[in-house]
Amino acid sequence: MILLKIIFKYKQNANIFSISFVVHDLKMPESKAHIISELRKNLLQWEGYKPPVTDAQSVVGLGPLEAAFPNGVFPVAAVHELVCGSSEQAAAGGGWVTGILSALLQQGGICVWIGRARRLFAPALAAFGVAPHQVIFISLAKDKDALWVMEEALKCTGLKAVVCEVRELNFKQSQRLALAVEQSRVTGFVLRNASGKLSSTACAARWRVKSLPSADLGGLPGLGFLRWQVELLKVRNGQPGQWVLEWQDGRFVPVEQVLILEERQVG
């Protein structure tokens with residue numbers, strides 16, 4: 001920072017008026033840009049966006065989808081909202097979340113799943129590499145009760161993740177959930193089973209997941225790999241987008257990579 005000092009002098013006896021300029025170079029300990037940059041980094045870390053580590057693999061492994069988030073990192077210490085407009089979308093969203101849970105629970109840990117009507121078939125979790133004993137199921141009929149249990153569970157540092165199925169979620173309720181994960185660093189998923197107009201929330205991201213027909217396995221009969229159309233509708237400090245993902249060998253694979261691999265095999 002440059003400081004320009006102007007000095008006026010008047011000598012009464014000689015009737016002379018003079019002006020002098022003095023320039024000072026003030027070196028600030030931290031520039032404004034540096035302070036703003038540090039604040040942004042701190043805010044992103046508080047919201048669950050950790051700076052990428054060199055040669056380190058992603059915690060969740062969503063491939064190109066993660067580039068939509070700040071620092072290219074899927075926020076694992078935040079609350080995500082999944083919009084489910086039908087029972088089919090609710091099932092698709094539950095499956096996609098289970099795939100993420102398999103990554104979060106890979107090194108052990110427990111997840112709490114709060115549901116309205118026990119639709120989740122626990123043994124099916126094994127298809128995603130999640131052991132049934134790693135998930136605690138709680139069945140509650142009222143949204144108010146479910147959200148209260150979720151908030152209390154999100155405060156528990158011994159958990160890896162909390163999933164909750166509700167119909168309504170207002171901004172104040174979502175804000176309480178977001179505050180709960182600031183200290184515990186637990187990841188939350190709200191499966192919002194509502195098809196009407198959605199209100200704003202304090203969640204880090206809003207998703208919509210739809211199931212897609214699986215591709216055949218080299219012309220062989222039977223079901224192929226699970227496939228989803230994943231839409232990132234809203235995200236803080238990121239870029240919304242749409243992708244198609246497939247579940248193969250315990251991980252998410254972008255369909256674009258699958259098609260390229262199939263073309264190489266045919267060629």
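A salt bridge here is a side-chain nitrogen of Lys or Arg within 4 Å of a carboxyl oxygen of Asp or Glu. The exercises below apply that rule to a predicted model.

**Exercise 1. Which strands does the salt bridge between Glu246 and Arg227 tie together?**

Step 1. Check the pair. The side chains of Glu246 and Arg227 meet at 2.5 Å, N to O. The cut-off is 4 Å.

Step 2. Place each residue. Glu246 sits in strand S10, residues 241-248, and Arg227 in strand S9.

Step 3. Conclude. The bridge therefore links strands S10 and S9, through parts 19 residues apart in sequence.

Step 4. Glu246 and Arg227 are both buried.

**Exercise 2. How many residues apart in sequence are the parts that Glu81 and Arg206 tie together?**

Step 1. Check the pair. Glu81 and Arg206 form a salt bridge, with their closest N and O atoms 3.1 Å apart.

Step 2. Place each residue. Glu81 belongs to strand S3 (residues 79-83), while Arg206 belongs to strand S8 (residues 205-212).

Step 3. Conclude. The parts joined by this pair are 125 residues apart in sequence.

Step 4. Buried means under 20% relative accessible area. Glu81 has 1% relative accessibility, so Glu81 is buried. Arg206 has 8%, so Arg206 is buried as well.

**Exercise 3. Arg208 and Glu231 form a salt bridge. Is Arg208 buried or partly exposed?**

Step 1. Check the pair. The N to O distance between the side chains of Arg208 and Glu231 is 3.9 Å.

Step 2. Place each residue. Arg208 lies in strand S8 and Glu231 in strand S9 (residues 227-235), so the bridge connects parts 23 residues apart in sequence.

Step 3. Read the accessibility. Arg208 has a relative accessible area of 26%, so Arg208 is partly exposed.

**Exercise 4. Which residues do salt bridges with shared partners join into one network?**

Step 1. Start from the total. The rule gives seven salt bridges.

Step 2. Look for shared partners. Glu151, Glu152, Lys155 and Arg176 are joined this way into one network.

**Exercise 5. How many disulfides does a search of the whole structure find?**

Step 1. Recall the bond. A disulfide is a covalent bond between the sulfur atoms of two cysteines.

Step 2. Apply the cut-off. The two sulfur atoms must lie within 2.5 Å.

Step 3. Conclude. The search finds zero disulfides.

Step 4. Cys111 has 0% relative accessibility and counts as buried. Cys203 has 9% and also counts as buried.

How values were computed: Residues are numbered from 1 along each chain as its sequence is written. This is a predicted model: local features need pLDDT of at least 70, side-chain atom pairs count only at pLDDT 80 or more; totals for chains, interfaces and linings use all residues. Side-chain values use heavy atoms; hydrogens and water are left out. Helices (H or I, at least four residues) and strands (E, at least two) are DSSP runs, numbered from the N terminus. Buried means under 20% relative accessible area, exposed over 50%, partly exposed in between (1.4 Å probe, protein chains only).
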